[in-house]
Amino acid sequence: MRATTIFAAILLAACTKAPEPPPDAAALEFQKQLQTQLITAKPGDVITIPAGVHRINRGLSLNVSGVTIRGEGMDRSVLSFRDQVQGAEGLLVNASDFTIEDLAIEDAAGDGLKVNEGRNIVIRRVRTEWTNGPDEKNGAYGIYPVQTTNLLLEECVAIGASDAGLYVGQSENVIVRNNRAEYNVAGIEIENTRNADVYGNTATNNTGGILVFNMPDLPVPGHSTRVYGNTVVANNTGNFGAEGTPVASVPAGSGIVVNSNDRVEIFDNDIADNDTANVIISSYFATGYQGTRELAEAYDPYPEAIFVHGNRFDGGGESPDGLDLKALKIAKFGLSGAFPDILWDGYVNPDKASADGKLLPQHAICVDNGDAEVLNVDLGNGSKNITVGDPQHACRLPRLAAVELDPPL
């Protein structure tokens, strides 16, 4: 064999990752026992996940209400789905009065944990992670409760989701508190959800830190979300969402993003160093997601009644994502300048505006936040009247009520 051929063979061997060995007999036995416990569970059962890394190669599911799944800690009891060959989620739950706590779900083929159509759900100290880092091939959602009522999601960690790390969709009466989201496309996303409190969370190193969205083609419209007491810093990871998904349009460097949602209150947050803008307020028309679809008459694509006050802003807006935004930043603020803290696309529903095109007071985008200003890029009029610090935003709106879980969880 020639020297060059030998060298090539050595190089190929060094660069080729050895395949993971299949689960051993003990791992397969644990998986069998866990699957049996989930299938035969009865209300009131507690299913315990012992400490250790437990390799699971098929998706798990629970369809019985009143069950608790409990590990010994999110860094001690680990369900690893790296070898998964079947199932769209790591764990799928269709049940009410359900608690899951103190464990980790790693490297699921699809979503990490999905909870569907349940009431009185507690998700506490659960970590979902794709251990290879940000990658479009990662599962879309880390923790994914959808169509739930009375939900508490607290002290969890989500890393590496290609859509949202912590996602709450089409739900009502929700508290999302004291969680950490890193290296996801969307750190925390509240979508088509009514009455949500999002507080005490840390979102950093995501593409967008905290998103409050209202999307079409879903049966439940979203409104009334309070985002407060969070740390939303340096969410500048490049967008690795799958093309055609709503989050694929989120620019890297987005702190808090409100899209097409109404009655959102953003206050008492630490928001800093998000390279596009610390806060972005936009309509459905600015997402690039709509394509040629026709919106249902009941869907409201405009953000309205948004109140930003009492936040601590620092840095941000210095290096926006995308050529259009970069060009706008340079044209308006120079090479060394930065966008203001709040970026608004400027789309306005004419039915909720006065004759001069300003939103009526009850629908206004209000900012009472020291020297923070709004940059209106006026996309609805082809950016003909880009403004900064328009007096229409110097207003206040009624405070939203706190969410109270009933029953308390």
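Predicted model: local features only at pLDDT ≥ 70, side-chain atom pairs only at ≥ 80, totals over all residues.
Residues are numbered from 1 along each chain as its sequence is written. Local features need pLDDT of at least 70 and side-chain atom pairs count only at pLDDT 80 or more, while totals for chains, interfaces and linings use all residues; side-chain values use heavy atoms, without hydrogens and water.

L166 stands opposite I188 in β16.

There are ten aromatic pairs (Phe, Tyr or Trp rings, the six-membered one for Trp, with centres within 6.5 Å; planes under 30 degrees apart are stacked, over 60 edge-to-face and the rest tilted). The ring centres of Y144 and Y167 lie 5.1 Å apart with planes at 75 degrees, so this pair is edge-to-face. Because Y144 belongs to β10 (residues 141-146) and Y167 to β13, the pair ties together parts 23 residues apart in sequence. Both Y144 and Y167 are buried (under 20% relative accessible area, with exposed over 50% and partly exposed in between, for a 1.4 Å probe and protein chains only).

L34, L38, I49, L60, I69, L79 and L91 line the largest cavity (on a 1 Å grid over the protein atoms alone, points where a 1.4 Å probe fits but cannot get out; lining residues have an atom within 4 Å of a point).

Terms used: 1 Å grid on protein atoms, 1.4 Å probe; cavity = no way out; pocket = protein on both sides within 12 Å on 5 of 7 lines; lining within 4 Å. Pairing = 2+ DSSP bridges. Helix = DSSP H or I, 4+ residues; strand = E, 2+ residues; numbered from the N terminus.
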